[in-house]
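Here are my notes for a first look. Please keep the structure open while reading.

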Amino acid sequence: MRESDVRYIVLHCSATRCNTDYTEEMLLRDHLARKFKGIGYHFYIRKDGRRVQGRKLLEVGAHAVPYNRCSIGVCYEGGLDENGRPCNTMTEKQRAELTDLLTILHKLFPKARIVGHRDLPGTVPKACPCLDTRKVFGWIEGE
Ligand SMILES: [Zn+2]
């Protein structure tokens, strides 16, 4: 991708239970099983707030068909409660790290909209990222 191609910064959750760990090794294994060439997201944020880089910034990701060629994918670990139901399970450390990361991405790509996966136009109904992206991070884009 070129910088001008980036129209969306897309937030995902891993859709895993908040009381279990879903490591970057497990994520890589699962994405390779889906024939991706590596982790499909550009960034993966663990429950402890640690940031894992999956793809290089302008590399095309594998996270939001048909938007992969015009978006950056960011995923946080979790999104399901202990019973497997969609839930905003973001930890304080994840929120802080995502705020930092999305702020940086917004500066790099000022024209790109920060959206949740489910908010992408034409996307089949889904829970991902299990939170209201506009409410939680919309302020980063300003008015
Ligand atoms: Zn998603």
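How many residues does helix 2 have, and how far does helix 2 reach from its first C-alpha to its last?

1. Helix 2. This is a predicted model. Helix 2 covers residues 92–108. It has 17 residues and reaches 24 Å from its first C-alpha to its last. That is close to the 24 Å expected at 1.5 Å a residue.

2. The buried residues of helix 2. Look along the helix for Gln94, Glu97, Leu98, Thr99, Leu101, Leu102, Leu105 and His106: they are buried.

3. Five strands make an open sheet in the order 4-3-5-1-7, with mixed pairing. Strand 4 and strand 7 are the edge strands, and each pairs on one side only. On average, neighbouring strands of this sheet are turned by 25° against each other, direction ignored. Helix 2 lies across strand 1, strand 3, strand 4, strand 5 and strand 7. Helix 2 runs at about 170° to strand 5.

4. Strand 3 and strand 4 pair in the antiparallel sense, over three bridges. Tyr44 stands opposite Val52 in strand 4.

5. The zinc site. Which residues coordinate the zinc ion? They are His12 and His117, each through ND1, and Cys128 through SG. The distances are 2.0 to 2.3 Å. Along the sequence, the donor residues are spaced H-x104-H-x10-C.

6. Aromatic pairs. A search of the whole structure finds two. The ring centres of Tyr8 and Tyr67 are 5.4 Å apart and their planes stand at 85°, so this pair is edge-to-face. Tyr8 lies in strand 1 and Tyr67 in the loop between strand 4 and strand 5, so the pair ties together parts that are 59 residues apart in sequence. Both Tyr8 and Tyr67 are buried.

7. The other pair. Tyr22 and Tyr44 are also edge-to-face, at 6.5 Å centre to centre and 90° between the planes. Tyr22 lies in the loop between strand 2 and helix 1, and Tyr44 in strand 3, so the pair ties together parts 22 residues apart in sequence. Are Tyr22 and Tyr44 buried or exposed? Both are buried.

Conventions
Residues are numbered from 1 along each chain as its sequence is written. This is a predicted model: local features need pLDDT of at least 70, side-chain atom pairs count only at pLDDT 80 or more; totals for chains, interfaces and linings use all residues. Side-chain values use heavy atoms; hydrogens and water are left out. Donors are N, O and S atoms within 2.8 Å of the metal (3.2 Å for Na, K and Ca); water is not among the atoms, so sites may look incomplete. Helices (H or I, at least four residues) and strands (E, at least two) are DSSP runs, numbered from the N terminus. The expected span of a helix is 1.5 Å times one less than its number of residues. Buried means under 20% relative accessible area, exposed over 50%, partly exposed in between (1.4 Å probe, protein chains only). Two strands pair if DSSP finds at least two bridges between them. Axes are lines fitted to C-alpha atoms, for helices over the stretch in contact, and angles run from 0 to 180 degrees between N-to-C directions. Contact means heavy atoms within 4.5 Å. Rings of Phe, Tyr and Trp (its six-membered ring) pair if their centres lie within 6.5 Å; planes under 30 degrees apart count as stacked, over 60 as edge-to-face and the rest as tilted.
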